[in-house]
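Thanks for making time this morning. I would like to walk through one model with you, going from strand pairing to helix packing, then to the chain contact and a pair of backbone details.

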Amino acid sequence: MLPTITVSGVRKTYGRTVAVDEASFEVMEGEIFGLIGPNGAGKTTTMECIEGLRKPDRGTISVLGLDPFRQVYKLQNRIGVQLQQAQLQKRIKVWEAVDLWASLYQKKSVDGTRLLEQLGLTPKRNAWFMNLSGGQKQRLFIALALINDPELVFLDELTTGLDPQSRRAIWELVRSIRERGKTVFLTTHLMEEAERLCDRVAIMEHGRIIDIDTPLRLVARHCPERTVVLTTVDAGAAEQFNKIAGVESVGCVGDEFTIRGQGDLVTETIRCLGENRIHVTDFRTILPNLEDVFLKLTGRSIRE
Amino acid sequence: MLRGLMKLTWIEIKIFLREPLGAFGTIVFPVLIFLAVGKFASVGFPASVLSASRFTQVGLPVMVSLLISISAVLSLVTIISIYREGGILKRLRATPLRPETILTAHVLVKLILTAATLVLMILAGKRYYPADIDAPLFSFTIALVISTWSILSIGFLIASIVPTARFSQGCFFLSIHCRRCCGGLRGCCRLPTP
């Protein structure tokens, strides 16, 4: 796979505030790459530098082999952009916006009517932008980002403020973009979104990239701990649980046991239960996620 | 890019006309002012009195033309500020559309609307204040369009530096009244004394 985006040593400041500090990473062709971090981490500034909307103070960026600042118009013909908190004219109709956007690109655009149909906006094609719901607006912005059949799509905080149903529908859309061979670069502060959508993520805080990898590998690398919580009335259970390979601690509150450890703790616990014929009335596992990785790497929650 | 310019201009005209108050203020209101002030100025004058007819034939059209021009620029300043505040300009910037195309489209919209209002005013003048003078309609229209164009540049300047639409309107009014006084435009708008 070839890199679609190469960012090397990019720094961007606003007055004394350092928004992006020596960011370096690559985005490969055909992948969904996520830039994750809390609000104000520098995700949007990084994305806007890559899109050619902001000029970095130093560092180099290459997107589809082009310099996004010097060759911005060439680049914009080949990319699709959905901006955070963007608006359209209040009284522009949905079909007018799609028609206008289609006229702005040199290359032949995709069929706007079909695109609206795919995004479930056909019933709203004559509605004014101001009368659309949050989810419908986001879908329209996705339509505008896809109207020129781009090779690379940028999605900035795509599902922020949407209800869970709309969020899941948009995740499906993003996956379908990747299935068509496009590269997707997205930013989000929603860890669930990053875990479900992204092939690889870069964790960003205070303008710095802290780590980059697949969500699974990041979790395995930084948070190898596993937790099993089960309920049993068996009197000798605690003794058996302490013998499980990889166990670090066994806690007990009433009939509920919390077993913490590393490695293949879940399988080993199930094996222990079977071998010792321990009857359980409840069994669940607590696996770390990107939120825990972020907490471990930065010492604070992403929501703080 | 010509296709984009034409499409954006046409859509902006449609959007403008969908704002009832804005469309009324820019297109209809100057014509109503023209008719109402004309009627008021003619009270107590026989139709043949020179001063009254001079006012309706010369002073009033100039005053209303100024109003048309101000309305056009004011709405432009407001629209550009709102577009900038709301991120619409930024969204357009993320397309291959060049900034000069966006500005040209808005200038075209305002010039077209200015011309439309002027035509309405001329038709109203012909209907209600039949004049026997040879009015240089063509050159007057060209002069008005060019002066509107010139004032638009000041509007763009204000819209590009002030933070909000409301503030931009205040700045624009301040600048237009300063220029009106400095330019000696009060004289031509003075009502005649019976």
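Let me begin with V229(A), which stands opposite R284(A) in β13(A); please keep in mind throughout that what you are looking at is a predicted model. The pairing of β10(A) with β13(A) is antiparallel and extends over 6 bridges. Strand β10, residues 226-232 of chain A, also pairs with β12, residues 256-261 of chain A, and here too the strands run antiparallel, joined by 6 bridges.

Turning to the helices, I would draw your attention to α8, residues 215-222, and α11, residues 290-298, both of chain A, which pack with their axes 9 Å apart at an angle of about 50°. The crossing in which α8(A) passes α11(A) is left-handed. On the α8(A) side the contact is made by P215(A), L218(A), V219(A) and H222(A), while α11(A) brings L290(A), V293(A), K296(A) and L297(A). Sorted by class, the residues in this contact of α8(A) with α11(A) are 6 nonpolar, 1 polar and 1 charged.

Which chain A elements take part in the contact with chain B? The contact as a whole draws 21 residues from chain A and 18 residues from chain B. On the chain A side, the elements giving two or more residues are α2 and α3, the latter spanning residues 94-104, and α3(A) gives the most, with 5 residues. That side of chain A divides into 11 nonpolar, 7 polar and 3 charged residues.

Finally, the backbone. L64(A), in the loop between β4 (58-63) and α2 (72-76) of chain A, has a positive phi near 50°. R277(A), in the loop between α10 (265-275) and β13 (280-286) of chain A, likewise has a positive phi, of about 50°, although it is not a glycine.

Are these two residues buried, partly exposed or exposed? L64(A) counts as partly exposed because it has 19 C-beta neighbours inside 10 Å, whereas R277(A), with 7 other C-beta atoms within 10 Å, is exposed.

Key
Residues numbered from 1 in each chain as written. Chains lettered and ligands numbered in written order. Predicted model: local features only at pLDDT ≥ 70, side-chain atom pairs only at ≥ 80, totals over all residues. Helix = DSSP H or I, 4+ residues; strand = E, 2+ residues; numbered from the N terminus. Buried ≥ 20, exposed ≤ 12 C-beta atoms within 10 Å, placed from the backbone. Contact = placed C-beta atoms within 7 Å. Nonpolar A, V, L, I, M, F, W, Y, C, P; charged D, E, K, R; others polar. Pairing = 2+ DSSP bridges. Axes fitted to C-alpha atoms, helices over the stretch in contact; angles between N-to-C directions. Left-handed = near helix turned anticlockwise from the far one by under 90°.
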